[in-house]
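Please look over the model shown here before reading on.

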Amino acid sequence: MSDKKGKAKPTLISLSSSEEEDETEEEVGDDDDYEDRSFSGSSGDETEEEEEEEEENDSDDNDRTENDDSLCNGVITLLKEGDDLESLSLKQLKAYLRNHGLRITGTKAVCQQRILEHWRIKDGRAEALYPRSSFFINCTGDVCKGDVVLFTQKVYKKFNKMTRRGKLLGKRTIAGRVVKESYGKAKQQHTFTVEVLWSKGSKKLPPLFPLLVKGRNLYKLKTYRQHWSDEAERKHVLSEKHKRGNAARLVKAMKITRKWSTDVGMLESEMAKVQNAKSIHINQDH
């Protein structure tokens, strides 16, 4: 399902090196995913800016146009004939992506690659191209952009945001590519955008569905990845992520310290008022 018949709104799932320890105490209970929502629905955790960041550069492109169907059909014709997509405009490419509920961010070359990947795996061939056996590196606690990961999450029906509980429907295993990760400005929570390659179990997701996943849920039931063709490049990407993570944790610690100082100041002020009131009462009695 697509939002406003256009791009599917990424679903935020609560899913961390030291991230794992930092985030697990943020909330009690599980909110991995729940059933009574469309694919474009939400798990009730959109408390940060990740969705805005995900869409801010393409806000004018998210809504379908009256020509989308014909433009999309033109792309499909080329794909069926085995022709390349170089002759197509970015507008035509985005029409195909919107019609299939896929991400529309990126350059023309990026959109072309996304369409080719979708066409290649849309009929259930993804698991053969990305078999379970290829995910053999345990990366629990340290996933970065570019990783192709395998993880399992719990799926709920009617998840209650207040009690942090819901009726468990089962589990879902997902293989996907991490196309983005960021630390929210409000709470510094780490969130990943995973393009689903294939999924099995409860409430399967469509190919290349953009899934927003919080760090703690990505790591909750172990996470495995494929080997990079250049592991040295991955170390570089991971190092950059760690720098941002350290900065986010510092900001979070400073906020906690400021809040503690404010609370202490307010408590001392209230105590002073009480003491002053007692003194006035004693003086009046005398």
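The points below take a helix pair and then a set of strands.

1. This is a predicted model, and the remarks should be read on that basis. Helix 4 spans residues 90–99 and helix 5 spans residues 108–121. Their axes come within 10 Å and cross at roughly 35 degrees. The crossing of helix 4 and helix 5 is left-handed.

2. On the helix 4 side, the contact is made by L90, L93, Y96 and L97. Helix 5 contributes K108, C111, Q112, R114, I115, H118 and W119. Sorted by class, the contact between helix 4 and helix 5 has 7 nonpolar, 2 polar and 2 charged residues.

3. The buried residues of helix 4 are L93, K94, A95, Y96, L97 and R98, so K94 and R98 count as buried because each is under 20% relative accessible area. The buried residues of helix 4 pack against helix 3 (68–81) as well as helix 5. After helix 4 comes G101, with a positive phi near 70 degrees.

4. Which strands pair with strand 5? Strand 4 (residues 165–183) pairs with strand 5 in the antiparallel sense over 11 bridges; in this pairing, F192 of strand 5 is the bridge partner of E181. Strand 6 (residues 210–214) is joined to strand 5 by 5 bridges, and these two strands also run antiparallel. Here T193 stands opposite L212 of strand 6.

How values were computed: Residues numbered from 1 in each chain as written. Predicted model: local features only at pLDDT ≥ 70, side-chain atom pairs only at ≥ 80, totals over all residues. Heavy atoms only, no water. Axes fitted to C-alpha atoms, helices over the stretch in contact; angles between N-to-C directions. Helix = DSSP H or I, 4+ residues; strand = E, 2+ residues; numbered from the N terminus. Left-handed = near helix turned anticlockwise from the far one by under 90°. Contact = heavy atoms within 4.5 Å. Nonpolar A, V, L, I, M, F, W, Y, C, P; charged D, E, K, R; others polar. Buried < 20%, exposed > 50% of the residue type's maximum accessible area, 1.4 Å probe, protein only. Pairing = 2+ DSSP bridges.
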